[in-house]
Structures are given as C-alpha cells and as structure tokens.
Amino acid sequence: MPNLQDAVTDYIGSEHYLFLDSAQKEHAEQLLSYWCEQTTNTPEPDDIESALKTVGQLDLPLQARKSFPALLQAYFDYLESIGGFPKTSAWSMQIEYLEPQYLESFRDDGSMKGETVRKTLPKVGRNDPCPCGSGKKYKHCCTGLFS
Ligand SMILES: [Zn+2]
C-alpha cells in the first residue's frame, strides 16, 4: 500500500492540484501533511475525526482552517483516482459528515471549542532539506529534532 503522507507531495505536483482554489493552495501542503502525520496510513473514523480537530486548532488563518475539510476531500478524490487506497470514499463520507460540526466549533475569535493549547505547525517540513546540513530531506534524517 502506498504511503498516505508521501502521496501529498505527488498530489501537489499533480494536475488535480491545479483545480484547487488558489486561496486553499497557500497552506495546502503543510495542512495535508500535518493531517497525515496525525493519523495512521489506514485511518479509522476516530483517527479521522481527531486529526481534523487538531488541524482546526493550528495557529493558521481561520479561513485556511475552515476550508480544510474541502481540501481534504479534494485530496481523497485524488487518492481515489490514483488507486491504492481502497477506503478513500469512506474517508470522504466521514469528512462530509463531520464538516458541519467542525465549522460550528469555531468561536468568533477564531479559537475552537474544547481547545486547550494552540498548536503550531512544525517549522521544518518533512520534505525540506534537513537543518543539520546533511543535504538529506528532513524526513530521512533528523526527523523530530527540529520541530
Ligand atoms: Zn539531519
């Protein structure tokens, strides 16, 4: 089975990505790869829900967080088209089901109900060069050390 997170990079380089709203593209790669990090490679409904909530609490513009379910569904559509992830339509249905509740949980100030600590995205992306200077990608080198 292909890797859910590595497929994010392929998605960003794919034709499917061209159709994404330009406002969504700004944080798309970061958000999707962060979401994948919070789940397993074969997420169950509970994983999908808790990872979605975690994204909702990220220190990012409210609009980017609110449009995340739509972004995730666009990503699942892409996965469905490349094959190898048999459960994508179930994941997509789950997001559709969770979206209204997710959107309602934002307060006017942009925080989320039930939020404890505002999370920040890791400073180094998985596919960025490793800060140690090895020349390798971060994910193949000092993963975890610089986040
Ligand atoms: Zn390193």
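Predicted model: local features only at pLDDT ≥ 70, side-chain atom pairs only at ≥ 80, totals over all residues.
Residues are numbered from 1 along each chain as its sequence is written, and side-chain values use heavy atoms, with hydrogens and water left out. Helices (H or I, at least four residues) are DSSP runs numbered from the N terminus.

**Aromatic pairs**

- Tyr 11 and Tyr 17 form an edge-to-face pair, with 5.6 Å centre to centre and 80° between the planes; planes over 60 degrees apart count as edge-to-face, those under 30 as stacked and the rest as tilted.
- Tyr 11 is buried at a relative accessible area of 1%, and Tyr 17 also counts as buried, at 11%; buried means under 20% relative accessible area, exposed over 50% and partly exposed in between (1.4 Å probe, protein chains only).
- Trp 35 and Phe 76 form another edge-to-face pair, at 5.7 Å centre to centre and 65° between the planes.
- Because Trp 35 lies in helix α3 and Phe 76 in helix α6, this pair ties together parts that are 41 residues apart in sequence.
- Both Trp 35 and Phe 76 are buried.
- Ring pairs join Tyr 11, Tyr 17, Trp 35, Tyr 75, Phe 76, Tyr 78, Phe 85 and Trp 91 into a cluster.
- Lys 25 lies over the face of Tyr 17, at 5.2 Å from the ring centre; a charge sits over a ring if NZ of Lys or CZ of Arg is within 6 Å of the ring centre and within 35 degrees of the ring normal.

**Nonpolar core**

- The largest nonpolar core has 34 residues, and Trp 35, Phe 68, Tyr 75 and Leu 79 have the most contacts inside it; such a core is a set of buried Ala, Val, Leu, Ile, Met, Phe, Trp, Tyr and Cys residues joined through side-chain atoms within 4.5 Å.
- At least two residues of this core come from each of α1 (6-12), α3 (22-38), α4 (45-56), α6 (68-82) and α7 (88-104).
- The largest share, 7 residues, is supplied by α6.
- Apart from neighbours within four places in sequence, Tyr 75 is in contact (heavy atoms within 4.5 Å) with Leu 4, Ala 7, Val 8, Tyr 11, Leu 32 and Cys 36.

**Helix α3**

- With 17 residues, α3 reaches 25 Å from its first C-alpha to its last, close to the expected 24 Å; the expected span is 1.5 Å times one less than the number of residues.
- A kink of about 55° is centred on Ala 28, the bend being the angle between axes fitted to the seven residues ending there and the seven starting there.
- Its buried residues, among them Gln 24, His 27 and Trp 35, pack against α1, α2 (15-18), α4, α5 (62-66) and α6.

**Helix α6**

- α6 has 15 residues and reaches 21 Å from first to last C-alpha, close to the 21 Å expected.
- The buried residues of α6 include Phe 68, Pro 69, Gln 73 and Tyr 78, and their cover includes α1, α2, α3, α4, α5 and α7.
- Just after α6, Gly 83 takes a positive phi of about 80°.

**Asp 47**

- Asp 47 is placed in helix α4 and is partly exposed, with a relative accessible area of 24%.
- Not counting residues up to four places away in sequence, Asp 47 touches Thr 39 and Thr 40.

Key: Phe/Tyr/Trp six-rings, centres within 6.5 Å; stacked < 30°, edge-to-face > 60°.
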